Amino acid sequence: MAKILVTGGAGYIGSHTVVELIAAGCEVVIIDNLSNASRKVLERLQELTGAEIPFYRADIRDRDALTGIFKKEEIESVIHFAGLKAVGESVEKPWEYYDNNITGTLTLIDVMRKHGVKNIIFSSSATVYGDPAFVPITEECPKGTCTNPYGWTKSMLEQILMDIYTADNEWNVVLLRYFNPIGAHKSGRIGENPNGIPNNLMPYITQVAVGKLQKLRVFGNDYPTHDGTGVRDYIHVLDLAAGHVKALSKLSPGSGLNIYNLGTGKGYSVLDIVKSFEVATGNEIPYEIAPRREGDIATCYCSPKKAKEELGWVAQYGIRDMCEDSWNWQSHNPNGYH
Ligand code: NAD
Ligand code: WQD
């Protein structure tokens, strides 16, 4: 049976997607260099799926390792999550980000085409819209100016994949622009496992709740939003994972290039999230108002209409599930996978 190669499959979104893929009857092979993931994920994936999933600890910049995998496994499609993703770190280490994300993807695509594999789903991000020209953001919204090297890697890789498709229409390319993924698998066995102090809102909140951090700093309360704090489109990671399974339908011959937003279409402010988390979990989250964070925008939420119409995908989970499941994961794994 033809297999799906999942790059970065030991990571947060990749691991949840692997569970959904196996539930949908797909055969999966994982490659991950474990630069931002734990080996324990693989045991837990086996526990959750009952499947022995072939795993290669390798870097996508390693051409020989990739070639070995494509020779050994019968890969039909690639879902490409592998990449570095910390916005602040990317400002300090631009070379490392461009090398990992861009060199890595170029190497992957080259090895794919040499083996006649021309189907790819790529993890893109709402960050490519920059400060969006309008909300709700549709896929027609022009791409914007990114505020950090991480964002540029996503924007540039989208362009690279579009150009590859233009030059060779045998490729089927799906660009999925994720909004703000949070939540975790219902079992509490896999979830987000940030290194050090989290940059993102939800893992920060759950670490306050579990007592690892003292209080949340709310970055700015003078944005033009309903309560002055930043508004985002949070989406349950399980919905995101399901979106990848649906997107496989756009890897059939002649599908070409397709771009989809994956979000719920609803915007919640930082304080809305704090309140929802408190109500859903019974934890109090102390916070203080801090200055705006550089590079942040006021409001970002999408129109998920295109994914509904063309993929039949609609987010199932609301903010309560997102908060409960983030907490379920954090409270059962206070130190993540460590
Ligand atoms: P993650 O860090 O948990 O997962 C990425 C995985 O890729 C990690 O397991 C890491 O070890 C692996 N990896 C990194 N570089 C590699 C390389 N050179 N070779 C092999 N493996 C490598 O991140 P995530 O949150 O699961 O994100 C997955 C993808 O989705 C990333 O491309 C990210 O940029 C994108 N994305 C994430 C978000 C988000 O908020 N989490 C939003 C939009 C887009
Ligand atoms: C959400 C809101 C913050 C932390 C980032 C990347 C983006 C994408 C998703 C990958 C904002 C506020 C946060 C805190 C706070 N990743 N906040 N205190 O910035 O929307 O998006 O992750 O592609 O590219 O930029 O997500 O979770 O960091 O912030 O007040 O300690 O929470 O200011 O309004 P963001 P986030």
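**Exercise 1.** In this predicted model, determine which residues of helix α2 (residues 40-49) are buried, and on which side of α2 they lie.

*Solution.*
Step 1. The buried residues of α2 are V41, L42, R44, L45 and T49.
Step 2. These residues span an arc of only 165° around the axis, so they lie on the same side of α2.
Step 3. The buried residues of α2 pack against α1 (12-23), β2 (27-32), β3 (55-57) and α11 (319-332).
Step 4. Just beyond α2, G50 adopts a positive phi of about 70°.

**Exercise 2.** Characterise how α1 and α2 are arranged: what is the crossing angle of their axes, and which residues meet?

*Solution.*
Step 1. The axes of α1 and α2 come within 10 Å and cross at roughly 25°.
Step 2. Angles under 35 degrees count as roughly parallel; α1 and α2 are therefore roughly parallel to each other.
Step 3. The crossing of α1 past α2 is right-handed.
Step 4. From α1, S15, V18, V19 and I22 meet V41, L45, L48 and T49 of α2.
Step 5. Sorted by class, this contact of α1 with α2 comprises six nonpolar, two polar and no charged residues.

**Exercise 3.** Carry out the analysis for α1 and helix α8 (residues 237-247).

*Solution.*
Step 1. The two axes come within 8 Å and cross at roughly 60°.
Step 2. This angle makes α1 oblique to α8.
Step 3. The crossing of α1 and α8 is right-handed.
Step 4. In α1, Y12, I13, H16, T17, E20 and L21 meet V237, L238, L240, A241, A242, H244 and V245 in α8.
Step 5. The contact of α1 with α8 has nine nonpolar, three polar and one charged residues by class.

Terms used: Residues numbered from 1 in each chain as written. Chains lettered and ligands numbered in written order. Predicted model: local features only at pLDDT ≥ 70, side-chain atom pairs only at ≥ 80, totals over all residues. Heavy atoms only, no water. Buried < 20%, exposed > 50% of the residue type's maximum accessible area, 1.4 Å probe, protein only. Helix = DSSP H or I, 4+ residues; strand = E, 2+ residues; numbered from the N terminus. Arc of directions from axis to C-beta. Contact = heavy atoms within 4.5 Å. Axes fitted to C-alpha atoms, helices over the stretch in contact; angles between N-to-C directions. Parallel < 35°, antiparallel > 145°, perpendicular 65-115°, else oblique. Left-handed = near helix turned anticlockwise from the far one by under 90°. Nonpolar A, V, L, I, M, F, W, Y, C, P; charged D, E, K, R; others polar.
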